[in-house]
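The sequence and structure are shown here.

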Amino acid sequence: MSSTWHILGAGSLGSLWACRLARAGKAVRLILRDGQRLQAYQQAGGLTLVEQDHARMYAIPAETAEGDGPIHRLLLACKAYDAAPAVARLAPRLAADAEIVLLQNGLGSQDEVADQAPLARCIFASSTEGAFSESDWRVRFAGQGFNWLGDPGYPGVPQWFDDLHAAGIPAQWSVDILTRLWRKLALNCAINPLTVLHDCQNGGLLGHLDEIDSLCAELGELLRQCGQPKAADDLGEEVQRVILATAANYSSMYQDVRAGRRTEVHYLLGHACRAAERHGMALPQLEHLHQRLVDNLRARGLPCA
Ligand code: NAP
């Protein structure tokens, strides 16, 4: 099997992973959106990673989805709403033994990807690392964190897993990756939409703890109904801890809305509401929150799905 890491999406996380893997001597190829982006990248000469104010450029080879050669290992580093269409374009190049690592936040996009690549092994990731693009092809590593990877369908650790340690990417194989993703989704549902609706930093939610408590009660019910009781344990306490620890931060959804960017709401609060509906559950606080958020996004001219 080829040991090349094909990385789709040279945005924040994709660049962070690509530069670290390339620095460790691993074979990396970027897959960019189209010929125009490829030309712009080639003119720039590579990806620049900024860490603690030290910038270094990595001349990582790049191509478009229409490039040659089979893909055995794909790191999908685009937003959740771009994931399935991106994989559909790559499907003709996916080898029979292809493995796809999915970095998308939230839930729902993983199943959409699996539908496009039914023979590939899909490995889900949950990341607490932080990175943002300072400009095209230049990414700042903004927050140390950790990565959990796992495959809900098969517990075996992939043969390439040690590449991550060699590249200094903090990671652990997780047999309960779905629990982690559901827990992160629940934390996001309890915090991010309210920061948009109340137009505040995370700490501003300390003035809305009653609202958060009732949301956490409904989210806990939903998690248990979805077969994720561990993800429901002490959810309200953790939400409060996160709000306090990140009081001065603006949530990712707040930042997306402020910058006029599409949010991943469909795969976060939207996914929670669809799951509740599938289980025939009435969760009025959660549904009301979703409706208010959708109205807010619509009023700003942003997609609400
Ligand atoms: P991002 O900076 O917006 O990067 C996404 C990249 O995907 C963009 O460069 C975009 O290309 C590219 N892309 C989209 N469709 C493509 C296609 N069909 N072919 C090639 N490239 C394509 O997003 P991000 O912040 O890295 O986030 C990626 C995922 O990680 C999200 O689900 C996010 O929630 C999650 N996450 C991010 C962080 C973080 O700190 N950034 C932390 C944890 C989790 P263009 O530049 O051409 O538009």
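## Helices H7 and H9

In this predicted model, helix H7, which covers residues 209-225, packs against helix H9, residues 235-245, at an angle of about 135 degrees, and the axes of the two helices lie 9 Å apart. That angle makes H7 oblique to H9, and the crossing by which H7 passes H9 is right-handed.

On the H7 side the contact involves Leu209, Ile212, Asp213, Cys216, Leu219, Gly220 and Leu223, and these meet Leu235, Gly236, Val239, Gln240 and Ile243 of H9. Sorted by class, the residues of this contact between H7 and H9 comprise eight nonpolar, three polar and one charged.

## Helices H3 and H4

From H3, the residues that make the contact are Ala80, Ala83, Ala84, Val87 and Ala88, while H4 contributes Ser109, Glu112, Val113 and Gln116. The contact of H3 with H4 divides into six nonpolar, two polar and one charged residues.

## The four-stranded sheet

Four strands form an open sheet in the order S4-S3-S10-S9, and their pairing is mixed. Strand S4 (54-58) and strand S9 (130-135) stand at the edges, where each has a single partner strand, so one side of each is left without a neighbour in the sheet. From one strand to the next, the twist averages 25 degrees.

In general, the strands of a sheet pair through backbone hydrogen bonds, in either a parallel or an antiparallel sense. Within this sheet, strand S3, residues 47-51, and strand S10, residues 138-143, pair in the parallel sense over three bridges, and Leu49 has Val139 in S10 as its bridge partner. Helix H1, made of residues 12-23, lies across S3, S4, S9 and S10, and runs at about 90 degrees to S3.

## The chain as a whole

The secondary structure of the protein chain comes to twelve helices and twelve strands. Along its principal axes, the C-alpha trace of the chain spans about 55 × 40 × 35 Å.

Notes. Residues are numbered from 1 along each chain as its sequence is written. This is a predicted model: local features need pLDDT of at least 70, side-chain atom pairs count only at pLDDT 80 or more; totals for chains, interfaces and linings use all residues. Side-chain values use heavy atoms; hydrogens and water are left out. Axes are lines fitted to C-alpha atoms, for helices over the stretch in contact, and angles run from 0 to 180 degrees between N-to-C directions. Angles under 35 degrees count as roughly parallel, over 145 as roughly antiparallel, 65 to 115 as roughly perpendicular and the rest as oblique. A crossing is left-handed if the near helix is turned anticlockwise from the far one by less than a right angle, and right-handed if clockwise. Contact means heavy atoms within 4.5 Å. Ala, Val, Leu, Ile, Met, Phe, Trp, Tyr, Cys and Pro count as nonpolar, Asp, Glu, Lys and Arg as charged, and the others, Gly among them, as polar. Two strands pair if DSSP finds at least two bridges between them.
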